[in-house]
Amino acid sequence: MNMIERLGAWAVMRVREMGRMVLFVLSSFAWLVRPPFRFHQIMKQLHFIGYRSTFVVVLTAGFTGMVLALQGYYSLRKFGSEGLLGSAVALSMIRELGPVLAALMVTARAGSAMTAEIGIMRITEQIDALDTMAINPRQYLIAPKLVAGVLGVPLLVAIFDVVGIYGGSLVGVDLLGISEGAYWNSVESAVEWKDVYGGILKSITFGLIVSWICCYKGFYTRQSAEGLGSATTEAVVLSSVLILVGDYILTSLLL
Amino acid sequence: MIKLVGVEKKFGDQPVLQGVDLTIPVGKMTTIIGGSGSGKSVLLKHMIGLLQPDRGEVWVDDVEISRLSGTRLNDVRKRFAMLFQGAALFDSLSVFENVAFPLREKLRMKGPEVVQRVEEKLKEVGLTGMGHKFPAELSGGMRKRAGLARALVMEPEIILFDEPTTGLDPLLAKSIHDLIVAMQRRFGFTAIMVSHEIPEIFGISDWVAMLRKGKIVLMATAAEFQRTTDPEIQEFISVGGTVALPGSRID
């Protein structure tokens, strides 16, 4: 096979894979609206993706806000604009860092676990067992995780933003001596509904990306321990890359 | 009745099934034997629609299932149950919850009725009082028993057994075989088993079929099968089915 043929075969394989990914998510959502409705499964997944990611999200948000305030303070001081620190921290958090970092944290904590869980179920034939019981695995396993991702990540991003802005206040106001009133007034005057709306839109998109990619990679794991390992790695890498690419695209559309 | 007509299946460039014609008698125990990697499990998975053939037809009574999907395939699958090689119990559920799973999820059954049916099945497979344990806490034999209880709980017409005694010592293997036979005789379901356990399977099966080079080369009653004069089949059954025959591929 010459190079052009190999390239063509690779391209066809990738296009087929993308088609399979799109069909995977569409059919999972289609199963979601058919009875029986699995409310309990959705709540269970929301608990796993959302509640159990709260600690790591709070920790990341706190330190991100603090370091942002530290960097921002010394940059703004050069121009005598320390009073704008609140707006710098809040806008960075709400527009960019909140959605991106929270989604990356969810990928690392919950996304990898989702891929591993579904992958093990595939290898040990538990997914086939669901099929043989006439229970659609996409309805029972995948759709609740997709919904939990779409609902859970925006809630985590909201927590991230609030904690991050308070982290900025801790450093800016309590350590570096900016007036508390100036900090919060700057936050209030700078943040508009458009910024919040953009952040929510991003977080919903990233929530879908994480749960979609991680479920897909687990569902089509190759039948070996090595296959499971590489599926988990691919899920985390691909989700992270798509979050960053998606962030650029959404930012350019929203501005 | 399950009937396969000219079923062919390839994985990549590797042909596994190359025109399988097979009819499974109703209410009997049929065992499919063949060398390691000859495609026995692949064949079994075609019967319940877990795999689709590249060519050929799979009939369950008057329904051709090889091109079905979604709700229509699920309607056919409601008549089936399957016991997998590793039992395929759900790790996150206890034995009780595993057995109750199809009752709750498919029949939307609740309360004391579920408890009664699950306890009854656990008793039948010799797992009384083990319902609270999780799959990881069970031995291989107990896992198979729990898997069998889950397969039986919906009282299916057809049960597929994919090497149900793999990984068990001879005594445990015999106890699982005896249990399967006892359940089959009692409930009268159609049993289709893939197995390596020669000569034990001749004592428990009504019919035996042999898969070789992707085709069924012989299907006969257990007694007739043992009297075959085909030298390769004779060699296979005389060495206990542990040697892969020429043409063996992947399972």
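Predicted model: local features only at pLDDT ≥ 70, side-chain atom pairs only at ≥ 80, totals over all residues.
Domain bounds here come from an automatic or database domain assignment. For chain B, that assignment gives domain 1 (1-79 + 158-251) and domain 2 (91-155).

**Stop 1: chain A.** Select chain A and colour by secondary structure. There are nine helices and zero strands, so the pattern read along the sequence is α-α-α-α-α-α-α-α-α. Along the principal axes, the C-alpha atoms fill a box of roughly 65 × 50 × 30 Å. Of the 255 residues in chain A, 45% count as buried. Take the contacts in chain A between residues at least 6 apart in sequence: 88% of these join residues at least 24 apart.

**Stop 2: chain B as a whole.** Switch to chain B, where nine helices and 10 strands are found. The radius of gyration of chain B is 18 Å, close to the 18 Å from the globule rule for 251 residues, so chain B is as compact as a globular protein of that length. Its C-alpha trace spans about 55 × 40 × 30 Å along the principal axes. Buried residues account for 42% of the 251 in chain B. Among chain B contacts between residues at least 6 apart in sequence, 68% link residues at least 24 apart.

**Stop 3: the two domains of chain B.** Colour 1-79 + 158-251 as domain 1 and 91-155 as domain 2. Their centres, taken over C-alpha atoms, are 26 Å apart. Where they meet, 10 residues of domain 1 of chain B are in contact with eight residues of domain 2 of chain B. Which helix gives the most to the domain 1 side? Select residues 170-187 of chain B: this is helix α6, and it supplies six residues. By class, the domain 1 side that touches domain 2 has eight nonpolar residues, two polar and no charged.

**Stop 4: strands β6 and β7 of chain B.** Show side chains for residues 80-83 of chain B, which form strand β6. B:Phe80 and B:Met82 point one way, B:Ala81 and B:Leu83 the other, and all are buried. To find the pairing on screen, pick B:Ala81, which stands opposite B:Ile159 in β7(B).

**Stop 5: between the chains.** Finally, show both chains together. Here 10 residues of chain A are in contact with 15 residues of chain B.

Conventions: Residues numbered from 1 in each chain as written. Chains lettered and ligands numbered in written order. Contact = placed C-beta atoms within 7 Å. Buried ≥ 20, exposed ≤ 12 C-beta atoms within 10 Å, placed from the backbone. Helix = DSSP H or I, 4+ residues; strand = E, 2+ residues; numbered from the N terminus. Pairing = 2+ DSSP bridges. Rg over C-alpha atoms; globule rule 2.2 N^0.38 Å. Nonpolar A, V, L, I, M, F, W, Y, C, P; charged D, E, K, R; others polar.
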